Each structure stands twice: as C-alpha cells, then as structure tokens.
Amino acid sequence: MKGNKSVLILVIWISFSAFRWDDAPRKVREGNRLFEKKEYGEALDRYKKAEMKRPDAPEIPFNIGNSYYRQHAFEEAIASHKRTLELDKGPLQSKAQYNIGNSLYRQGDLKE
C-alpha cells in the first residue's frame with residue numbers, strides 16, 4: 001500500500017511540475033487583457049511567448065494575426081492567419097479566412 005501511495009504522489013508532482021512550466025495559457029490570457037486595452041504591441045509580445053511554448057495551438061497565431069492587423073502590419077497578419085489555417089480544421093478556419101480577406105482589402109489587393 002505504501003508503494004502505491006508513493007507512486008501516486010510522484011505522478012501528481014510530475015503533473016503539477018509540467019503544468020507549472022507550461023505558462024502558455026497564462027501568456028494568452030495576459031495578451032487578451034492587453035489586446036482589450038488596445039495595447040497591441042504588448043499583446044503581440046505575450047502571444048509570441050505563448051507560441052514558443054505551444055506552437056501547435058491555432059488560437060495563438062490567430063491572436064498574433066489580429067494584433068498585427070490592429071497595428072496595420074497586414075503582411076504579418078496574413079502570414080499569421082495562414083498559419084492558423086494550417087493548424088486548425090475547425091471554427092477558426094472561417095474567421096482566419098475572413099481576416100486574411102480584410103488584410104488584403106486594407107492593402108488594396110481587391111483581386112485576391
């Protein structure tokens with residue numbers, strides 16, 4: 001019985017340690033708060049830090065693209081939203097495509 005208890009404590013400790021080291025969700029929340037305050041450069045910084053921890057999370061490049069868009073960096077916004085399209089096969093697809101279209105429009109590229 002004592003051996004099982006030690007294993008359980010070890011598993012909990014490892015899980016907690018892994019959770020603590022992955023601060024991507026916290027960085028995204030910070031970025032969201034900054035984005036709401038229209039502090040797009042600071043929000044972008046937080047999102048990029050989160051992306052380093054979770055490069056496969058589609059909502060992060062989506063948020064990065066939105067931050068670039070708000071800063072009128074349309075090429076970067078398009079690239080980030082295209083990354084979202086690569087990663088997401090769900091509800092972010094249509095939003096990312098819409099945002100790509102808006103960025104192209106803002107650049108005067110009506111043909112695309």
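**View 1. Two aromatic pairs in a predicted model.** The structure, a predicted model, holds 2 aromatic pairs. One of them joins F35 and Y40. Y40 has 14% relative accessibility and counts as buried. Y69 and F74 also form an aromatic pair. Here the centres lie 5.4 Å apart, the planes make an angle of 65 degrees, and the arrangement is edge-to-face. Is Y69 buried or partly exposed? At 22% relative accessibility, Y69 counts as partly exposed, because buried means under 20%. F74 is buried, with a relative accessible area of 10%.

**View 2. The whole chain, for orientation.** The chain has 6 helices and 0 strands. Along the sequence the pattern reads α-α-α-α-α-α. Of its 112 residues, 38% count as buried. Take the contacts between residues at least 6 apart in sequence: 47% of them join residues at least 24 apart. The chain exposes about 7800 Å². Carbon and sulfur atoms supply 57% of that area.

**View 3. The largest nonpolar core.** Which residues have the most contacts inside the largest nonpolar core? They are Y47, I60, I64 and Y68, in a core of 15 residues. Helices α2 (24-36), α3 and α4 each give two or more residues to this core. The largest share, 5 residues, comes from α3.

**View 4. A50 and I60.** A50 sits in helix α3, which covers residues 40-53. Its relative accessibility is 0%, so A50 counts as buried. Which residues does A50 touch, beyond those up to four places away in sequence? They are A24, K27, V28 and I60. D23 is 27 residues from A50 in sequence. In space, the C-alpha atoms of A50 and D23 are 7.2 Å apart. Now turn to I60. Not counting residues up to four places away in sequence, I60 touches V28, Y47, A50, E51 and R54.

**View 5. S80 in its surroundings.** S80 is found in helix α5. With a relative accessible area of 10%, S80 is buried. Which residues are in contact with S80, leaving aside its neighbours within four places in sequence? The contacts are P61, I64, G65 and Y68. Two of these names return from the largest nonpolar core: I64 and Y68 are among the residues with the most contacts inside it.

**View 6. The two faces of helix α6.** Helix α6 runs over residues 92-106 and has 15 residues. From its first C-alpha to its last, α6 reaches 21 Å, close to the 21 Å expected at 1.5 Å a residue. Its buried residues are L92, Q93, A96, N99, I100, S103 and L104. Why do they lie on the same side of α6? They cover an arc of only 140 degrees around the axis, which puts them on the same side. These buried residues pack against α4 (59-70) and α5 (74-87). The face turned away from the buried side carries Y98 and Y105, both exposed. Just after α6, G108 takes a positive phi of about 85 degrees.

Note on methods: Residues numbered from 1 in each chain as written. Predicted model: local features only at pLDDT ≥ 70, side-chain atom pairs only at ≥ 80, totals over all residues. Heavy atoms only, no water. Helix = DSSP H or I, 4+ residues; strand = E, 2+ residues; numbered from the N terminus. Buried < 20%, exposed > 50% of the residue type's maximum accessible area, 1.4 Å probe, protein only. Contact = heavy atoms within 4.5 Å. Areas by Shrake-Rupley, 256 points an atom, 1.4 Å probe, with all protein chains shown as cover. Expected span 1.5 Å × (residues − 1). Arc of directions from axis to C-beta. Core = buried A, V, L, I, M, F, W, Y, C linked by side-chain atoms within 4.5 Å. Phe/Tyr/Trp six-rings, centres within 6.5 Å; stacked < 30°, edge-to-face > 60°.
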